[in-house]
Amino acid sequence: MTENLLEVTSVNKSFGGVEANRDISLSVAQGSIVGLIGPNGSGKTTLFNSIVGYHPVDHGSIRFQHKEITRLLVPDIARLGMLRTFQQTRIYNGMSCLNNMRISMPCETKGLKSLFMSLSTKQTEKINEMLSFVGLYSKRHLLAGELSFGQQKLLEFAMALIADPKLLLLDEPTAGINPTLINGLIERLKIANQQLGITLLIIEHNMRVIMNLAEHIYCLAHGQILAQGTPEQIQTNPIVLDAYLGTS
Amino acid sequence: MNNRYYYLLLLFVSLAAPFVLPDYRTQLALLWVMVIFALTWDVMGGQMGYNSFGNILFFGVGMYACAVIQRDSGLSYFPALLLGIAAGGVIALLLALLIGNGLLGLRGHYFAIGTLGLGVAAGEIAGGWDYIGAGSGMTPPLFPTELTVRDTFFYYLFFIWALLTFFSLHWLYQGRFGLALNAIRDNEDKAEAMGLHTTRYKVAAWSVAALFLGVTGGAMGNLIGFIDPKEVAFAGSTYGVWMILMAIAGGKGTLWGPVIGAVVFHITQEIFWTLLLGWQRVALGALIIVIVLFFPQGIMGWVRQQFPRRIDSDQLTSDQLTSDQITSEQIASKQRIPDNPRQTHHQRKNKQSHPL
């Protein structure tokens, strides 16, 4: 039995009168790929934000590697090895792809000294390897802001990978990407999971993608966990179908 | 390298300048002060995208700190000056750490507004504090030898300090520090999500600017010879605004931009004073409008547009491949487990149609 890397226990989060997340519990096993689906506005991104410490939760606990992280700040959680990507891709527009990657490398030293360090050749090689992995090596000197949307998504993915996370939260990695590129991205996600040993928690609207990737899927609706199970179970679950298509 | 000759030429011109133009020694010394102003403002304003209107605070604090030490230390002129300059830098740095930790929690425009009051408040406080001469200001001790030697001395002092500022920043921008500042400029939320302690970087950046400004202020008080709280030390409406203008005019976010901006600005400003006395501020205003309208990216930005950077040679050879080609090759080489059960499972499922 594999250990749980991330454990979310009965998390509540409301914005004013809107209960975005209500009593949500989920767990992500070490080395797995877990999917999070649900209609628009069902609270998926809110849950992501709660997990990475972007806003405090009203109630409940979040544990990462058995460590309580509910009250930690965003950068501290990121440094523990849990990173997220954004639904609206966020990269450093005014910097070259290479520099986007360089600043995403984890620090080798701690404290004040780390502010003034420069990169070793070994790290540069690793960056080039990672850029080739996502197919952006030839664009490495371009400003990130000049890349196409799909390429920016790939860059953001590469930036997350180079930071060497244990758990990666991906918020709609394939939204707005053309079908050919999506296939490539699925392959890369699998490679990241199997060969780099990165556990993945993925929000995704593209059912083909998520059913392909995930071993276990949670379905959210109206801020609550509606159903969970293997892709097969989710696909045949009448409650899930109702949530997406509406009852007639 | 061609660059080396340019540097040597610049160095030679700078060293010879006070002897070639002996009448302009004070102005030339001031030129280096302007360069330091623009360079230090650009650390926050250009590289990090945080417009600070309060950097003049550190300049004034350094100036007063130096003057107080010169007055009270009992040392002879040069040791006291050296100690005072150093103290000015250190006190400015500590002040930046103190204020920065509070103020740099604010982001973007809110930070800019927050800094607006700093210089004004400091000027008011200095103007009412008897220990530092209150409204009548302070007069640093007289330079022990004749005036021409004094001007030459300060020329070289500011020249060396400007060089130190330039190369320190050059070194800082090349490493992780510079990258982090740029990352904060481009997307602070992302930088935080990637694990950067952005507030630490912001405070560090401000402290670096404060250190160089504080030292400059300390020496500047001695060059001018009189410290007025509002017109010299915390001169927000002149130096405080100029440092921003020079950095923007030259091209913010670059290393050479502020330097070029400062030189161009200072020379034009002096020409306006000489030729258009009475209208010099109007002419200066017109110049600013021209710069903002026609060179919004500054002189350096305009130059970069006209002469785009050459592409690296290795980029041309290996990178003719399209990204898709590299992609498939990479995947082929990376996938060493073709008969992985899970993969076949996925491939099988790939062909199924999904009800959702």
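Modeller: Two strands are taken to pair if DSSP finds at least two bridges between them. The model discussed here is predicted.

Colleague: Which residue of S8(A) does Leu36(A) stand opposite?

Modeller: Strand S3 (residues 33-37) of chain A is joined by 4 bridges to strand S8 (residues 199-203) of chain A, and the two run parallel. Within this pair, the bridge partner of Gly35(A) is Ile202(A). Leu36(A) stands opposite Ile203(A).

Colleague: Which residue in S9(A) stands opposite Gly35(A)?

Modeller: S3(A) also pairs with strand S9 (residues 216-221) of chain A, in the parallel sense and over 4 bridges. In S9(A), the residue opposite Gly35(A) is Ile217(A).

Colleague: Which are the edge strands of the open sheet of 6 strands in chain A?

Modeller: The sheet is open, its pairing is mixed, and its strand order is S6-S7-S8-S3-S9-S10 in chain A. An edge strand pairs on one side only, which holds for strand S6 (82-84) and strand S10 (224-229) of chain A.

Colleague: What angle does the direction of helix H9 of chain A make with that of S10(A)?

Modeller: From one strand of the sheet to the next, the twist averages 15°. Helix H9 (residues 238-245) of chain A packs on this sheet, where it touches S9 and S10 of chain A. The direction of H9 and that of S10(A) make an angle of about 130°.

Colleague: How many residues of S3(A) are buried?

Modeller: One side of S3(A) presents Ile33(A), Gly35(A) and Ile37(A), and the other Val34(A) and Leu36(A). Both faces are covered, with each of these residues buried. The count for the strand is 5 of 5.

Colleague: Which helix of chain B do the buried residues of H3(A) pack against?

Modeller: In helix H3 (residues 97-104) of chain A, 7 of the 8 residues are buried, among them Met101(A) and Ile103(A). Within chain A, the buried residues pack against helix H4 (121-133) and helix H5 (149-162). From chain B, they meet helix H7 (176-186).

Colleague: Are H2(B) and H12(B) parallel, perpendicular, antiparallel or oblique to each other?

Modeller: The axes of helix H2 (residues 25-47) and helix H12 (residues 256-275) of chain B come within 8 Å and cross at roughly 140°. An angle must be over 145 degrees to count as roughly antiparallel, and from 65 to 115 to count as roughly perpendicular. The two helices are therefore oblique.

Colleague: How many residues of the contact of H2(B) with H12(B) are nonpolar?

Modeller: H2(B) passes H12(B) in a right-handed crossing. The contact includes Leu30(B), Met34(B) and Phe37(B) from H2(B), and Val259(B), Ala262(B) and Phe265(B) from H12(B). Its residues comprise 2 charged, 3 polar and, as nonpolar, 12.

Colleague: Is Thr230(A) buried or exposed?

Modeller: Thr230(A) is found in the loop between S10 and helix H8 (231-236) of chain A. Leaving aside residues up to four places away in sequence, Thr230(A) touches Glu215(A) and His216(A). Because Thr230(A) has 12, it is exposed.

Colleague: What distance separates the C-alpha atoms of Glu3(A) and His66(A)?

Modeller: Glu3(A) lies in the segment before strand S1 (4-15) of chain A. With 11 other C-beta atoms within 10 Å, Glu3(A) is exposed. Glu3(A) and His66(A) are 63 residues apart along the chain, and their C-alpha atoms are separated by 9.7 Å.

Methods: Residues are numbered from 1 along each chain as its sequence is written. Chains are lettered from A and ligands numbered from 1 in the order in which they are written. This is a predicted model: local features need pLDDT of at least 70, side-chain atom pairs count only at pLDDT 80 or more; totals for chains, interfaces and linings use all residues. Axes are lines fitted to C-alpha atoms, for helices over the stretch in contact, and angles run from 0 to 180 degrees between N-to-C directions. Angles under 35 degrees count as roughly parallel, over 145 as roughly antiparallel, 65 to 115 as roughly perpendicular and the rest as oblique. A crossing is left-handed if the near helix is turned anticlockwise from the far one by less than a right angle, and right-handed if clockwise. Two residues are in contact if their C-beta atoms, placed from the backbone, lie within 7 Å. Ala, Val, Leu, Ile, Met, Phe, Trp, Tyr, Cys and Pro count as nonpolar, Asp, Glu, Lys and Arg as charged, and the others, Gly among them, as polar. A residue is buried if 20 or more other C-beta atoms lie within 10 Å of its own, exposed if 12 or fewer, and partly exposed in between; C-beta atoms are placed from the backbone.
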